[in-house]
Amino acid sequence: MRSVEESEKKKQRAVKLFQYFMIVVLFTAAVLLPAYGAGRRAAKTQGEADGADAVNANRIVIDPGHGGMDSGMVGESGVSEKELNLVCSKKLAALLEAAGYDVVLTRETEDGLYDADASNKKAQDMERRVARIAEENPILTVSIHQNSYPEDSSVKGPQVFYFEQSAEGEKLAAAIQESLNTELAVERPRTQKGNTTYYILKRSVSTTVIVECGFLTNPEEEALLQEEEYQDRVAQAICDGILAYLESKAGE
């Protein structure tokens, strides 16, 4: 009888020890995992993800927004955002290459980055842009776009966006914004703007900004953005802003 009681007591002690062990494990996980996850997310959004030591300091990615079935904004004249984005991106790439940088474009044709039979072409397109950026591991990424504001056609001027939690993104955006305001002699200069929703800003592991070159809903700016001389000025201003940022970064 005693052996049965002792056996039962041993089982109870074993159960209690196991329960205690699980409590410790769960408590540790509850404390450490959120902190680990937050750290990983912060690192990735600021271009400091795993492998940051392998960042290619001479490589820059330029992302011409939209493409394929996704034309982006279409102006009154019929010009599409995807066309202008590609033109500006190629001009910017040429300038940066002349400055000695290795430049990669996420797209080099009018086509998007999705499969013809993809169920959600836009989602696949964005995912592949982010994947390409991660693959190249550049020192920075600039996504080129054109803006719109149908509610008020008088609104115009370039605007640069950065991921709100990225200190380096803000510095890059500020340098490009200042260059655009100065070199394009913007009547009402804008300031760089933080954002937490744009997919490419949130998901990119590199320091990334979005440059909205102008408003296609403003007739005057829509016309300017189609003039090669003005396109050259926009590309040069963005390039100068990028180089100013990289120079300041090298001096840190």
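**Charges, strands and rings**

Guide: Asp63 is buried, and so is Arg129. Buried means under 20% relative accessible area, exposed means over 50%, and partly exposed lies in between, with a 1.4 Å probe and protein chains only.

Visitor: What does Asp63 form with Arg129?
Guide: A salt bridge, with the closest N and O atoms 2.6 Å apart. The term means a side-chain nitrogen of Lys or Arg within 4 Å of a carboxyl oxygen of Asp or Glu. This pair links distant parts of the chain, 66 residues apart: Asp63 is in strand β1 and Arg129 in helix α3 (residues 121–136). Helices (H or I, at least four residues) and strands (E, at least two) are DSSP runs, numbered from the N terminus.

Visitor: Before we go on, what kind of model is this?
Guide: It is a predicted model: local features need pLDDT of at least 70, side-chain atom pairs count only at pLDDT 80 or more, and totals for chains, interfaces and linings use all residues. Residues are numbered from 1 along each chain as its sequence is written, and side-chain values use heavy atoms, leaving out hydrogens and water.

Visitor: How many salt bridges does the whole structure have?
Guide: The search finds 13. One of them joins Glu228 and Lys91, at 3.2 Å from N to O. Glu228 is in helix α7 (residues 228–250) and Lys91 in helix α2 (residues 81–98), 137 residues apart.

Visitor: Is Glu228 buried or exposed?
Guide: Glu228 counts as exposed because its relative accessibility is 53%. Lys91 has 18%, so Lys91 counts as buried.

Visitor: Which side chain does Lys156 meet in a salt bridge?
Guide: That of Glu220, at 2.9 Å from N to O. Lys156 sits in the loop between β3 and β4, and Glu220 in helix α6, 64 residues apart. Lys156 is partly exposed at 24%. Glu220 is partly exposed at 45%. There is also a network: salt bridges that share partners join Arg59, Asp102, Arg132 and Glu136.

Visitor: And Glu222, where is that found?
Guide: In helix α6 (residues 219–224). Glu222 is buried yet has no salt bridge. The nearest side chain of opposite charge is Lys156, 13 Å away. Here Lys and Arg count as positive, Asp and Glu as negative; His and the chain ends are not counted.

Visitor: What does Glu222 touch, then?
Guide: Residues including Gly75, Ser77, Val79 and Phe215, leaving aside residues up to four places away in sequence. Contact means heavy atoms within 4.5 Å.

Visitor: New topic: strands. How many of β3's residues are buried?
Guide: Ten of ten, in residues 138–147. β3 pairs in the parallel sense with strand β1 (residues 56–64) over six bridges. There, Ile62 stands opposite Val142. β3 also pairs with strand β6 (residues 208–215) in the parallel sense, over six bridges. Ser143 stands opposite Ile210 in that pairing. To pair, two strands need at least two DSSP bridges between them.

Visitor: How many aromatic pairs are there?
Guide: The count is one. The centres of the Phe161 and Tyr198 rings are 5.5 Å apart and the planes are at 80 degrees, so the pair is edge-to-face. Rings of Phe, Tyr and Trp (its six-membered ring) pair if their centres lie within 6.5 Å; planes under 30 degrees apart are stacked, over 60 edge-to-face, and the rest tilted.
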